[in-house]
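Please open the model in your viewer and keep the sequence panel beside it, so that each selection can be followed in turn.

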Amino acid sequence: MTENLISELESAAAIIMAPPNLVTNEQRHNAEYVFLNFRKCKSPFAICRQILDNCQVHYVLFEAAETLKSALIREWSFLLDSDKFSLRQYLMHYVTTKQIPPFVRDRILQVIAIMVKRASVDDGGRDRSNILQEVENIILNAEAEKKILGFNIISNLMQEYASTVKSTDVGLPWEVHFKAKKQFESTDLKRIFQFCVQLLSEVVKNDPPYPENVSELTRYILKVTENVLTWGYISPLLPKRLIGIYESVYEADQAPALRLSDSWSELILSPQLLPLMFQVFWKVKDYDGLSHHALTCLVQLASLNGTIVSTDNIRLEYLKSYMENFSKLVSSVTIKNKESLGVSNIVKKMIVFFINDIQRLPTQLQDSYLDELTRLTCSFCKGAAMEDMSSDEERYYNDAFDNMMEAWISILQEYSTNSNGNIHECAVQIFNTYLQFHLAPPDGSRQNHENEPQEIEDNEDIDRISFKDQLQTIGMFGRIIPSHALPIIYKLLEMSTEKLKMSLQLMESRAMNISESANLDNLFEDIHWVILIAGHILCMDSDGETPMIPSEMMQYSIEQLRQGAATLDASLAVLASSHQINNVPPEIERCDHIVRIISDVLKLCVVENSAAEAKLGHFMSPEVSSTIMWFLKRWCLSYLLPVENYYQEVSPVLVGAVGKDTEGAIFVVNFILDKIYSNICHFHSEPILLRDTVDLLTALVCIKQKQSLCIVKSKSLWNLITLQEKLAPGGLPPNIRRDLFKSFVLAGVALRDMQELNGYFDQILSPLKVRFDNLVTQEGTFRANYHKEEVQKEVIDILESFIGIAKGSHMTTVQILFQFLAPMLAELPKILTFYNNYQIIVQLILELFGQCAKNMLCYLCQLDSKKLYESTLATVQAYAKCNSNKFSGETLAEENSFQDLALILDLLTFILSKDCIDLCPIDEEVVTVTASDVSLFGLNFIMPLMTVDLLKYPSLCSQYYRLLVLINDIYPEKICNLPQNLFQQLLSSIELGLTQFGSDVAQASLDFVQGMSSYFFRNSLQQSPICQAMKPFLKLILDLTLSHQINSDLMSSASTCIYALICCYEEEYRGLVDRLIKSQVDPLIADRLAAAFHNLTLNVAMNGERQPKLKFRDNFDKFIANVQGFLLVK
């Protein structure tokens, strides 16, 4: 019998391992079925032993080990202790005596580890200690190959105990796993670490080079040591969900900090440990396979925290020892590129965990440590610059430099600038080094990338995004040493501007040669980086916060005035001279340095404008122009028209130069608006530059809107408005026109007089209305011409303008703007029908409605809301009618449909938010249509279009299910009143969501089912047809959980969902349980299953309340761990 089975398995293995051209799919499926059936054998222990002893086919040996694993998990409770001991002894003997492939050996070792863990739950780890003693003897006394096997056994044991939340596949509840892990930590994990340290102390007694067998063994010792130090030491007080998050972070290759209890003190705080670990790294640093593990151990030891170092003396003693050993290491060796990342991680971890303690160390040790950090930072900066210029994809130095800069942020924040004068010296060195490697010779050391064309392409990441973190930190350094940094910045800007003027004069007279052209490229790159650095020194990032002048810059400006180094008159004179690029004002040396830098940037704008007017604009760098726009936006948000009440002390120079109602502020506003005008005129084919230009305009009109009357009444703004009216349709890149209109509309918010406001909007919007009316009032003409390119461009331009108006609407202006848009929105369903094959126009129409719903609807009265609802539904209906038979399997068609439907789902979600946030004035209008009615009615049109193929787009799928859950959360009663066919379609979507589209969508689907079931139960609707239609979900979700088809992360949600379903369908649940128990052939399994189901609902009230639901959830965790151990559900 056994021989026949082995023969059958060997034949099946030959088919599975055969090349695809030699076997059919049917043969392969049949072979897989043989192995699947074999894994389900009851008590296969004797058969598996015979296979391991007699079979020579490696794949069959692997399957025998896999079958042993499954059977042990399933039948552990039924096995005699003597049988368990005998099997484990056999497997240990097998792996130590047989020559087998690593993949078979590893699976057998995993089986042994599972057996040891299961046994340790009952005997408290006594048996495990005996095994470890055996393994230690093997490592100390056996030949090299057996030593490595010993470490493999230890690694498998550690792996089995390491994780808890996702370990339920060995048939134990989570709580038991966690208890076993903590018990292993407190006993044998320490023992393993102590054993490894003992072995490492033997390794360092010999100097490299090491024989191959010694280096291989050392690699295994270091791997196990690393695993101990990167172990997830989790507090038993944390709830399961947080432990799951902690473990998922650990699995994502980010080792957790070394958080130990004081029971580890004797090992970790031993005076010999740190010198030993640094010595190990020193000895193996030239062995790539070893140095990484040794360095990781040092990184982990740098993050030591927890009760082990709870007292100040212990922390300081440990930190002092670590810093001395670290300084000794980095000062005596050259850090290689692969080591740089680990060394920088050590620095970062030490700063994170010991920053407060560092300041309590002797000043000499602090200073030497900061000097070493500065030297490393400058070295990594140089390495990163070299990497940027090479074609090598490895970015060791870049990542290391980023880590060092991150560490410096904490150092600069913790050290007050007065407490340690050394910080200033460090800041000067790092600032100078960074600047040096970003400037071309002779001012710097930047090298050009070999074979790289000197062109600015539409790269996905521009420098200010790619190097954002670095630049922010360099900005912090610059603000610590403003008297050093700002003069360097303005001198570089002024020298560069002079060189640029000379180059332009040269270009006017003759063509440049190759050398001159290369010099010009280098000059542009220098200007680009100097402005980036200047922008990060003068201003701080203010995402989500009110932009303000940094306190260091304010104090520096005040200090210049106090010392007589700067005056308001001189600063105003320099600012006013920005137009005169050929004259240097005599007062320049007494100008405030901040004002001098902004004046220099404005002069660069003048040089650019001059080049464009001289027909030399194409020689200018779009990258530099974009950076100037970015800088001006950043500077305007922080410095222009500052609100004095926000500051404890203000600089008279800054407030007098660009404060409220000052000539300087009006001058800067008009200057910038003229520059924006120039960019749109001369550089309209540069999309990235125009993007930054209109962003600057938007920022300018949004500045403290109550103070920006000088903007809305500026002649330069009206020049811009007139310019955009004159531009031909399609004359600007996509999205630029909408943002121009957004800015024009936002500028009007500053006008408080309604007559003025109406007049302002009338001048902006009337030309648009005329253009729209000319298009659509004569339907016959439009029908004849709509397909022409010039008509399409006109439609696109008008729609882009409307979107800008919707995006720029504000609570004070929304009524005027909607009265303007409403009649035209009502015409759009008709236009969509004409252009149903023109994807760009269709998507613009859908986006326009979405922006109206997002930015206007919450402020609209009931009557206006109803107008928007009607236009929206007519548009969605027109779209559905045009596309009902058009969706195909073609990739492009699917892509277009995906984008359309995503916009419609956005639109319906924005409309639904009206029922959550309604800020409209109270009116007398009776509410007849609610936002939820519109969203559900819209879903009715698009649900037939949502094919399974389209739902495979993750973002569309997520949007769709999010909308269903949102409607269900807010208005479950409206879902209950849906037509039967629509409700059935919705349930089909939920069923798909449970199984087809990943855990996020499955979570949303479970939320939907739970929400609906709870609503049915609370309102006693169990007998309604809608409730009956949901009954199959009870069996479906129960089956999915029992057959491992629901992600373990979702088990908690699945359990509460099942509880809600049982509340609704208690009789159906009892019937399901009875049928499942009766279907079991083995009476023993049937009895265990009945007992498990009995315990699941024991003392749990099925009343839908919170406490019983939580009790059911806890019971369900134990139920699943128990049942999945012995129940096989196909």
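Is Asp 541 buried, partly exposed or exposed? Asp 541 is partly exposed, with a relative accessible area of 28%, where buried means under 20% relative accessible area, exposed over 50% and partly exposed in between (1.4 Å probe, protein chains only). This is a predicted model, in which local features need pLDDT of at least 70 and side-chain atom pairs count only at pLDDT 80 or more, while totals for chains, interfaces and linings use all residues. Residues are numbered from 1 along each chain as its sequence is written, and side-chain values use heavy atoms, with hydrogens and water left out.

Asp 541 lies in the loop between helix H23 (514-538) and helix H24 (551-562), and Lys 468 in helix H21 (residues 468-480), so the pair ties together parts that are 73 residues apart in sequence. Helices are DSSP runs (H or I, at least four residues), numbered from the N terminus.

Now select Asp 797 and Arg 737, whose side chains meet in a salt bridge at 2.8 Å, N to O. Asp 797 sits in helix H36 (residues 789-807) and Arg 737 in helix H33 (residues 736-747), 60 residues apart, and both residues are buried.

Finally, go to Leu 632 in helix H27 (residues 622-639), which is buried, with a relative accessible area of 1%. Beyond its neighbours within four places in sequence, Leu 632 has contacts (heavy atoms within 4.5 Å) that include Ile 598, Cys 605 and Leu 696.

Key:
Helix = DSSP H or I, 4+ residues; strand = E, 2+ residues; numbered from the N terminus. Salt bridge = Lys/Arg side-chain N within 4 Å of Asp/Glu carboxyl O.
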